[in-house]
Amino acid sequence: MPLPKAELHLHIEGTLEPELAFALAVRNGVTLPYADTDALREAYRFQDLQSFLDLYYGLMTVLRTEADFEELADAYLARAAAQGVRHAEIFFDPQAHTARGVDIGTVVEGLGRALDRARERHGVTTRLILCFLRDQSAESALETLEAAEPYLHRITGVGLDSAEVGHPPRKFAAVYEAAAALGLRRVAHAGEEGPADYVREALDVLGVERVDHGLRCVEDADLVARLVRDRVPLTLCPLSNVRLRAVDVLEEHPLPRMMDAGLLCTVNSDDPAYFGGYVEDNFAAVRQALGLGEERLRELARNSFEAAFLDDDEALRAA
Ligand code: ADE
Ligand code: ZN
C-alpha cells in the first residue's frame, strides 16, 4: 500500500499520456508530428528544461475543449489516487492555451468538472494553482490574472513556471502583488535551473510561501539556514531532475542531504507522463537509488500535508 500523501507540484498538462494525446488529436482533427505513441515516447530524451518545454507546448495543441481538459484531469486523479495521493494541488498554464485561441474559461471549467467529482470518485481533495509563463511578458501575466477573475472561486493560488534562466522572479513583482491583493496563495518555481538567488528573490520579492524545486538552494548556506528556520516547503521532483538533467543520476540527488539539513522537503512528480512516473514512482525511485528508509519516506509524506494549502482539520482527514 502506498503511503497517503499530498501532491503539490504537478502540471496537469504534464499528465498528458501519449495514448490520450493521440485520441484527442483524432477527436480534434490535429495532426501530430509523430507516427504513433512509440515514436512520441522515443522523442522524450531531453537535454534540459527548454528541450522538454518545446515538445510539451507542441503536444498541448491537442487540448481544445472543456471535455478534453476534464478527461485529462480525471485520468490524472485516477492514477494519483492509485498511488496514495489524498490531496492534489494542480498547476495549469492558461497562457499556453489562450495563445492558441482556447479561452481560459474552457480550461478552468473543464478541469473544474473533474475536480468537483474528485473526492467522491477518487477520494482526492484538490486545489488549482494558476501559473504564469515566466518567458512571457509581465504584461501578459497581468492580463492572464485579469482574465482569471471570473474563475477565482476555483483558484487557490498563483505560480510561476516555464524557462527559468534569464527570467528572474522580480520580473513578476507586480502580478504577484495583485494576486496577493485578491487573496491568492503564492508559490513559484525557483532554483530548478536558475541560481539560488532566484529562490531568495521569490521569497523576498514575490512573497512565496512554498518554493517549487528549490534544488539549487544547496549552493547557498545562508539561504538553506533561512529556509530551515522559516520552515519554507520545497516541492522536489527527483525523476524530473534526472530527465531534465538538473542532476546527472538519481543516486546523486541532494534530497537526503537536504532532509539531513532540516529542510522541509516534499517529493512530487512534476510532469509524470514525460518523466517516467507518478508520485509513488518517485517515492519508490528515491527509496531505491538513495536508500531512504521507511522513517524518511514517512517524513516526506507528513511534510506534504504540512506544506499543503489545507485547513488543519482537512489535513488531518486527508492524512
Ligand atoms: N512546466 C512544466 N514543467 C516544468 C518544469 N519542470 N519547470 C518549469 N516549467 C515547467
Ligand atoms: Zn514544475
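This note goes through a predicted model point by point, from the annotated domain to single loop residues.

1. **Ground rules.** Residues are numbered from 1 along each chain as its sequence is written, while chains are lettered from A and ligands numbered from 1 in the order in which they are written. In this predicted model, local features need pLDDT of at least 70 and side-chain atom pairs count only at pLDDT 80 or more, whereas totals for chains, interfaces and linings use all residues.

2. An unreviewed UniProt entry carries the annotation "domain: Adenosine deaminase" for residues 4-316. UniProt positions follow the numbering used here, feature names are shortened, and annotations may be inferred rather than shown by experiment. Helices (H or I, at least four residues) and strands (E, at least two) are DSSP runs, numbered from the N terminus.

3. **Strands E1 and E2.** In strand E1 (residues 5-11), 7 of its 7 residues are buried. Buried means 20 or more other C-beta atoms within 10 Å of the residue's own; exposed means 12 or fewer, and partly exposed lies in between, with C-beta atoms placed from the backbone. E1 runs parallel to strand E2 (residues 85-92), joined by 5 bridges. Two strands pair if DSSP finds at least two bridges between them. Leu10 stands opposite Ile90 in E2.

4. **Strands E7 and E8.** Strand E7 (residues 233-236) pairs with E8 in the parallel sense, over 4 bridges. Pro233 has Leu264 of E8 as its bridge partner. E8 (residues 264-267) is covered on both faces. Leu264 and Thr266 are buried on one side, Cys265 and Val267 on the other.

5. **Helix H3.** Leu49, Phe52, Tyr56 and Leu59 are the buried residues of helix H3 (residues 49-59). They lie on the same side of H3, because they cover an arc of only 100° around the axis. The arc is that of the directions from the helix axis to the C-beta atoms. An α-helix has 3.6 residues a turn, so residues three or four places apart point the same way. Helix H1 (18-28) and H13 are among the elements that cover the buried residues of H3.

6. **Helix H7.** The buried residues of helix H7 (residues 138-148) are Ala141, Thr144, Leu145 and Ala148. Their arc is only 100° around the axis, which puts them on the same side of H7. Glu139 and Glu146 are exposed on the other side. The buried residues of H7 pack against helix H5 (94-98), helix H6 (104-122), strand E3 (125-133) and helix H8 (173-181). Contact here means C-beta atoms, placed from the backbone, within 7 Å.

7. **Ligand 1.** The shell consists of His11, Gly14, Leu49, Asp161, Ser162, His189, Glu192, Ser240, Asp270 and Asp271. A residue is near a molecule or strand if its C-beta atom, placed from the backbone, lies within 6 Å of it. By class there are 1 nonpolar, 5 polar and 4 charged residues. Ala, Val, Leu, Ile, Met, Phe, Trp, Tyr, Cys and Pro count as nonpolar, Asp, Glu, Lys and Arg as charged, and the others, Gly among them, as polar.

8. The unreviewed UniProt entry places an "active site" feature at Glu192. This residue sits in the loop between strand E5 (185-190) and helix H9 (196-204). Glu192 is buried, because it has 24 C-beta neighbours inside 10 Å. Not counting residues up to four places away in sequence, Glu192 touches Leu49, Glu164, His213, Leu215 and Ala246.

9. **Positive phi.** Most residues other than glycine have a negative phi. Asp270 has a phi near 65°. Asp270 lies in the loop between E8 and helix H13 (272-275), and is buried with 29 C-beta neighbours inside 10 Å. Arg245 has a positive phi of about 60°. Arg245 lies in the loop between helix H11 (238-243) and helix H12 (255-260), and is partly exposed with 14 other C-beta atoms within 10 Å.

10. **Tyr278.** This residue is in the loop between H13 and helix H14 (279-290). Tyr278 is buried, with 24 other C-beta atoms within 10 Å. Leaving aside neighbours within four places in sequence, Tyr278 is in contact with Arg79, Ala80, Gln83, Ser269 and Pro272.

Methods:
Contact = placed C-beta atoms within 7 Å.
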